[in-house]
Amino acid sequence: MNGLTNTETLNDRPVIGILAQHTLDELAEVAKTYVAAPYVKYLESAGSRVAVIRLYLNESEYEKIFYSINGLLLPGGAVDLETSEFARVAGIFYRLALKACDRGDHFPIWGTCMGQQLLTALTSGENLLSRTDSSNVALTLEFTEEAKSSQMFKDFSPEMIRVLSDKPLTGNFHKYSVTVQAFESNEKLRSFYRLVSSSTDRQRVSFVSTMEAFKYPFYGTQWHPEANRFLWKESLAAPHCAHGVRMSYLLAEFFVNEARKNLHCFETKEEEESALIDSHKPVFLGDKSSFGTLYFFD
């Protein structure tokens, strides 16, 4: 298995939390918050269960959740990286994870698109985003020298790395990015994260596309690895070729295997079952949502 050794004590029933986010536009009339089904399928496909982490709880409630789950996924979306409720809750988990990992309690965090942007804001203490022409476009990954030391891609074959470098397989759906220049100019970011890859937008602006922390199990992609297998809206630049599907699975497997290294658990079976997203009914929206299917809350 990716990233695992025979000497580690592993959790074969990992639960990864996905942070809910605010609904927008007409969906705000349906419910206040949601979790997109593609993120759920992405994690479940690699052997994890999924818990929804709702907004507007207090810090002690989130601390209890933290010590019940085995990892956190921060999804894509559109919120203020400094003042939103989403950012507040993500910050609580980020700080808890830092302290836990410093004690040897391995707690992985993955940020996708806005989730990666939020990780950079939490680490640097500021919003470093710039406008980029990167909405709805499939791009290549321009791997750096640091990629040779990457945990995320260490089990990728040389052929797969070459394909990702040569073919536009990563689905990008963002209007803002952390440029490579901004990353390299920020001491806090460049000392905390390894710049694994950059990508180039339509105007030839180079932005951070993949990063991972040097010391902590924190990982980020500005692109959407779940898109290749679970975003089917025809207007979206989400390549569904065999290489794209394989890449998507390998990264899901990597993150779930990171969560297997965490031994947190719920205090009771009842608490575990009530936290799992399985007890909620997904709603199929078709082309009304880029994600196709959503879970609604609040």
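Me: In what order do the strands of the open sheet stand, and what is the pairing?
Reply: The model is predicted, with pLDDT of at least 70 needed for local features and 80 or more for side-chain atom pairs, while totals for chains, interfaces and linings use all residues. Residues are numbered from 1 along each chain as its sequence is written, and side-chain values use heavy atoms, without hydrogens and water. The open sheet has 8 strands in the order 4-1-5-6-12-11-10-8, with mixed pairing. Strands here are DSSP runs of E of at least two residues, and helices are runs of H or I of at least four, numbered from the N terminus.

Me: What makes strand 4 and strand 8 edge strands?
Reply: Each has a single partner strand, so one side of each lacks a neighbour in the sheet.

Me: Which residues are closest to the centre of the largest pocket, and what is its volume?
Reply: The volume is about 970 Å³. Of the 35 lining residues, Leu24, Gly77, Ala78, Phe173 and Phe291 are closest to the centre. A pocket is an open set of points on a 1 Å grid over the protein atoms alone, where a 1.4 Å probe fits, with protein on both sides within 12 Å along at least five of seven lines; lining residues have an atom within 4 Å of a point. Volume is the space filled by probe spheres set on the points, which are joined across faces, edges and corners.

Note on methods: Pairing = 2+ DSSP bridges.
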